[in-house]
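Begin with the strand pairing, then turn to the salt bridges.

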Amino acid sequence: MAYSGFTWAPMISVTATKYQRHGYVEKRAFLPGERRSAAREMERSVKGYRELRQELADSRKMIQEQEQERRSTVERTIQTSFYKSPVGTRTHKGSGAIFYSDPVGRTSHFSASKRI
């Protein structure tokens, strides 16, 4: 199917275009008490606002609980460091100016304390 470049945009009211004009409504932060009064007005005038707000709060709480549960149940890797390298080297002199290094196993242990 060929693309015509036409996209459908819904018709908006004249009132909406009036309020969306630049300079008609300035964006600014709420003053103390305005946020609560705006929420109260929305609860009174917008149908379903209270239920939507409650569902949103419940969803946020559920997501926070799930993240907290996931953080607590995930097994954390124990941070370890070597007290001593498990492999040492033993160097011996060959003929001339040649030195040979041989790896030598060493008894070592892990330390759970993180040293800085």
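Two strands are taken as paired if DSSP finds at least two bridges between them. The model discussed here is predicted.

Strands β2 and β3 form a hairpin, and five residues lie between them. In the turn, Gly-96 has a positive phi of about 75°. Strand β2 covers residues 87-93 and runs antiparallel to β3, to which seven bridges join it. Within this pairing, Gly-88 stands opposite Val-104 of β3.

Strand β3 covers residues 99-105, and of its seven residues the number buried is zero, so the strand lies largely in the open. As a general point, side chains in a regular strand alternate between the two faces of the sheet.

Phe-99 is a residue of strand β3. Its relative accessible area is 55%, and because exposed means over 50%, Phe-99 counts as exposed. Once neighbours within four places in sequence are left aside, Phe-99 is in contact with Thr-91, His-92, Lys-93 and Gly-94. One of these contacts involves the ring face: Lys-93 lies over the face of Phe-99, at 5.7 Å from the ring centre. Such a charge is counted as sitting over a ring if NZ of Lys is within 6 Å of the ring centre and within 35 degrees of the ring normal. As for pairs of aromatic rings, the count comes to zero.

The charged side chains come next.

Helix α2 spans residues 34-45, and Arg-44 and Glu-41 sit three residues apart in it, so about one helical turn separates them. Their side chains meet in a salt bridge, with 2.9 Å from N to O. Arg-44 is exposed at a relative accessible area of 62%, whereas Glu-41 is partly exposed at 39% relative accessibility.

In helix α3, Arg-71 and Glu-67 lie four residues apart, again about one turn of the helix. The salt bridge between their side chains has an N to O distance of 3.8 Å; the cut-off for a salt bridge is within 4 Å, and therefore this pair is counted. Arg-71 is exposed, at 52% relative accessibility, and Glu-67 is partly exposed, with a relative accessible area of 31%.

Is Glu-43 buried or exposed? Glu-43 has a relative accessibility of 16%, and because buried means under 20%, Glu-43 counts as buried. Arg-53, at 36% relative accessibility, is partly exposed.

Not counting residues up to four places away in sequence, Glu-43 touches Arg-36, Tyr-49, Arg-50 and Arg-53.

Terms used. Residues are numbered from 1 along each chain as its sequence is written. This is a predicted model: local features need pLDDT of at least 70, side-chain atom pairs count only at pLDDT 80 or more; totals for chains, interfaces and linings use all residues. Side-chain values use heavy atoms; hydrogens and water are left out. Rings of Phe, Tyr and Trp (its six-membered ring) pair if their centres lie within 6.5 Å; planes under 30 degrees apart count as stacked, over 60 as edge-to-face and the rest as tilted. Helices (H or I, at least four residues) and strands (E, at least two) are DSSP runs, numbered from the N terminus. Buried means under 20% relative accessible area, exposed over 50%, partly exposed in between (1.4 Å probe, protein chains only). Contact means heavy atoms within 4.5 Å.
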